[in-house]
Amino acid sequence: MSFELLKKQVIDRDLCEGCGLCAGTCKSITMVDGRPKLTGKCILDRGADHCGRCFDICPQAHPEQVPAEMEEPLLAVSVRAKDESIQVVASNGGFVTALFKHLLETGEVEAVIGIVGGKYAPQAAVAEKPEDVLKLAGTRYSPSGVMTKLIEQQKKTRGQLAVVGMPCELRGVSRWEEMLGISVLKIGLFCSNNMRKDESGKATKMTPCDHCTDFIGVHADISCGFAGSGKGYTTAIALTERGREVLQKALDASLFDVTEPNLDRVKASQQRKSKRSPAEIDMPLREKILATLVSSGPADTVSISESLEAKAEKVHYHLLVLQQEGFVELHENPSDPYRLEWHATQ
Ligand SMILES: Cc1cc2nc3c(=O)[nH]c(=O)nc-3n(C[C@H](O)[C@H](O)[C@H](O)COP(=O)(O)OP(=O)(O)OC[C@H]3O[C@@H](n4cnc5c(N)ncnc54)[C@H](O)[C@@H]3O)c2cc1C
Ligand code: SF4
Ligand code: SF4
Ligand code: SF4
């Protein structure tokens, strides 16, 4: 796999949502006007056989159908930051800003990553000191390449990081975490749509949003938005155990005025968004084989080739490459010792 695949399946089809993860993961890729460009040499042009990290990490190359019915959050509140200096710069209740400030003050994280800059030209930014968090406050309805900064920051430190991003961006961050075996605190923003300036300078809805089914940000530890809250408040929902602990500690520290959120509003937005159809991505055969083993469990070469309607010898070749790379292993079938079957190692 090469940059060509990412270009063909995502960038040229205008499905890129500008998260910047591919640029963070490969020094040959640069974000130019919110889209990735190959500015160096792809390793495949230098004679290597297989890379594809940019495709593997890209959330838009791996679309997801998020269900209409959202799982009950572990904790849900509607909050407004008590700190008036936050209230004046925040977009709603200042939840993200107050939480980030608290996380840096208590040393729970070493740095937080958000955005700064103009309405349709936000840029990723890092805050390492509590007083610097205010500059990240507020919402910009445009992509920022925020995740390039996350990867850069992670390379500099072994400390804990927190990042805020759109549901699609956090889907990519989860893939990156899995690849590296690391974990960052992920704060999501509820999202219906995002905007981007076209060539004439007019702001229009981004194409990938037409195919996006995630309103709540299912990959976040805590997600938040104005839905379900009154003016000046933010609804915050904890979706993981880590998120619940972090949110509970912030509530215990009395950072917020707290009321009950109207979760029906959030659920209704998720239901509406789940009706969109994820884009179809034509994965290369090797990826399809691995995806089949991960989703359907162990299988032999013939049954994999039948289910994918591909030639058995081609499937066998890709399985051997996957075995060499450590993604699959060959084991005896427990019910028939004369038959061997492939297992995904992840
Ligand atoms: C494109 C977009 C669409 C949204 N759509 C909805 C919606 O339909 N319904 C809903 O309830 N809420 C939506 N939100 C979330 C909402 O607008 C607020 O961001 C949220 O309520 C948090 O408010 P706050 O006062 O707690 O945040 P603040 O304390 O003001 O902090 C906001 C944080 O988000 C970061 N941030 C802002 N914009 C971006 C961005 N573009 N990319 C990455 N990080 C960013 C900032 O750096 C800051 O750290 C959307 C947000 C965005 C960016
Ligand atoms: S990540 Fe790998 S496949 Fe993608 S552009 Fe870089 S070298 Fe090429
Ligand atoms: S990783 Fe992000 S920036 Fe790169 S192509 Fe995919 S969506 Fe676009
Ligand atoms: S609707 Fe929001 S989460 Fe979905 S692709 Fe667009 S920006 Fe990303």
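**Helix crossing and sheet edges**

Trainee: Why are α10 and α11 called roughly perpendicular to each other?

Mentor: This is a predicted model; local features need pLDDT of at least 70, side-chain atom pairs count only at pLDDT 80 or more, and totals for chains, interfaces and linings use all residues. Residues are numbered from 1 along each chain as its sequence is written, chains are lettered from A and ligands numbered from 1 in the order written, and side-chain values use heavy atoms, without hydrogens and water. The axes of α10 (residues 285–296) and α11 (residues 301–308) cross at roughly 110 degrees. Angles of 65 to 115 degrees count as roughly perpendicular (under 35 is roughly parallel, over 145 roughly antiparallel, the rest oblique). So α10 and α11 are roughly perpendicular.

Trainee: Which residues of α10 and α11 meet?

Mentor: Leu285, Lys288, Ile289, Thr292 and Leu293 in α10 meet Ile304, Ser307 and Leu308 in α11. Contact means heavy atoms within 4.5 Å. The contact residues divide into five nonpolar, two polar and one charged. Lys counts as charged, Leu and Ile as nonpolar.

Trainee: What makes β5 and β12 edge strands?

Mentor: The open, mixed sheet runs β5-β4-β6-β7-β10-β11-β3-β12. β5 (121–127) and β12 (256–259) each have a single partner strand, so one side of each is left without a neighbour in the sheet. The twist averages 30 degrees from one strand to the next.

Trainee: How do you know that β7 and β10 pair?

Mentor: Pairing takes at least two bridges found by DSSP. Three bridges join β7 (residues 185–189) to β10 (residues 222–225). So these strands meet the definition. They run parallel. In β10, Ser223 is the bridge partner of Gly188.

Notes. Helices (H or I, at least four residues) and strands (E, at least two) are DSSP runs, numbered from the N terminus. Axes are lines fitted to C-alpha atoms, for helices over the stretch in contact, and angles run from 0 to 180 degrees between N-to-C directions.
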